[in-house]
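Entries follow in the order of the look-ups.

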Amino acid sequence: MVDTRVTLSGIELENPVIPASGTFGYGQEFAELYDINCLGTFSFKGTTREPRFGNPTPRIAETGGGMLNAVGLQNPGVDQVIAQELPRLRQVFRKPVMANVSGFSVEDYAQTCALLDREEQVGWLEVNISCPNVHGGGMAFGASPAAAAQVTRAVKAVTEKPVYMKLSPNVTDIAAVARACEEAGADGVSLINTLLGMRLDLRRRKPLLANGTGGLSGPAVFPVAVRMVYQVYEAVSIPIIGMGGVSSAEDVIEMMLAGASAVEVGAANLVNPFACRDIIRDLSGAMEKYGIQSLKEIIGGAHHG
């Protein structure tokens with residue numbers, strides 16, 4: 001019997017499969033389709049201090065091997081999430097959940113994380129530093145090691161639960177950003193977020209997305225994600241949650257061999273709402289096929305020969 005269990009900062013997961021933030025809402029819609037307690041956990045929709053309507057439409061565009069999105073962090077705000085979404089979630093999900101947090105200033109991040117840190121069902125805080133820094137000319141906090149470290153320190157100062165910094169791939173050296181987060185006290189890192197992309201409407205001769213650019217996700221980005229997880233594993237000693245184009249049990253194993261302790265599944269949920277359930281069902285068979293007895297034993301295996 002193979003062992004699919006993994007551990008993230010002292011919390012054991014039955015398996016490493018985690019639906020990624022922005023692709024699973026707050027769990028309710030998927031709970032109507034299958035028992036979401038089969039998941040390791042899930043990262044709920046990116047939550048900000050204040051409610052956000054998001055970007056104007058159109059904000060989704062298909063592309064070869066993936067999709068572009070410029071949703072713009074639409075969410076009801078942290079107060080509403082605590083008052084309504086988390087109580088509803090407790091009715092369908094019995095495990096600790098990952099709270100994904102976004103912000104537009106260091107104070108935003110700290111305030112939102114402090115509130116969510118008090119919630120019993122929140123097991124980890126996943127802090128998305130791909131958001132534009134309103135005090136830094138709109139550049140993402142994750143674009144520089146110094147800014148990433150600043151957010152990390154601010155969040156760690158007001159929280160007790162494990163903090164995972166979600167890193168942007170749109171940087172020159174993602175390993176340097178990861179090291180800065182680790183030095184500032186991060187308990188782990190999540191990577192990668194979406195790659196910046198664009199599609200044009202040939203008839204209108206203008207961008208397809210109202211926002212102009214969007215984040216590319218899906219199978220097309222998987223090799224980039226594997227490469228970045230591999231690089232970050234060699235740069236830090238904290239756990240990594242790998243993501244980016246994961247769509248099969250074999251992808252999960254490959255990401256873990258690169259260095260991930262757990263794996264998030266994003267765009268695949270939008271193509272097939274049963275994607276995570278199916279990956280979990282296939283995982284034991286894939287492990288047996290490749291002679292893997294325990295997933296914990298293969299983390300970073302590609303680095304050891």
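Does Tyr 34 count as buried or exposed, and at what relative accessibility? I found Tyr 34 at 8% relative accessibility, so it counts as buried; buried means under 20% relative accessible area, exposed over 50%, and partly exposed in between, with a 1.4 Å probe and protein chains only.

Notes on the source. The model is predicted, so I kept to its rules: local features need pLDDT of at least 70, side-chain atom pairs count only at pLDDT 80 or more, and totals for chains, interfaces and linings use all residues. Residues are numbered from 1 along each chain as its sequence is written, and side-chain values use heavy atoms, with hydrogens and water left out.

Entry on strand E14. I looked up E14, residues 240-243; helices (H or I, at least four residues) and strands (E, at least two) are DSSP runs, numbered from the N terminus. Ile 240 and Gly 242 point one way, Ile 241 and Met 243 the other way, and all are buried. In a regular strand the side chains alternate between the two faces of the sheet.

Entry on its partners. Strands pair if DSSP finds at least two bridges between them. Strand E9 (residues 188-191) runs parallel to E14, joined by three bridges, and Val 189 has Ile 240 as its bridge partner. E14 also pairs in the parallel sense with strand E15 (residues 262-265), over three bridges. There I noted Met 243 opposite Glu 264. With helix H7 (residues 249-258) between them in the listing, E14 and E15 make a right-handed β-α-β unit; right-handed means that, with the strands pointing away from the viewer, the path from the first strand over the helix to the second runs clockwise.

Entry on aromatic pairs. My search of the whole structure gave six; rings of Phe, Tyr and Trp (its six-membered ring) pair if their centres lie within 6.5 Å, and planes under 30 degrees apart count as stacked, over 60 as edge-to-face and the rest as tilted. Phe 24 and Phe 42 have ring centres 5.0 Å apart and planes at 50°, so I logged the pair as tilted. These two residues are 18 apart in the chain, and both are buried.

For Tyr 34 and Phe 274 I read 5.9 Å between centres and 40° between planes, so this pair is tilted. Tyr 34 lies in the loop between H1 and E4 and Phe 274 in the loop between H8 (268-271) and H9 (275-289), so the pair ties together parts 240 residues apart in sequence. Phe 274 is partly exposed, at 24% relative accessible area.
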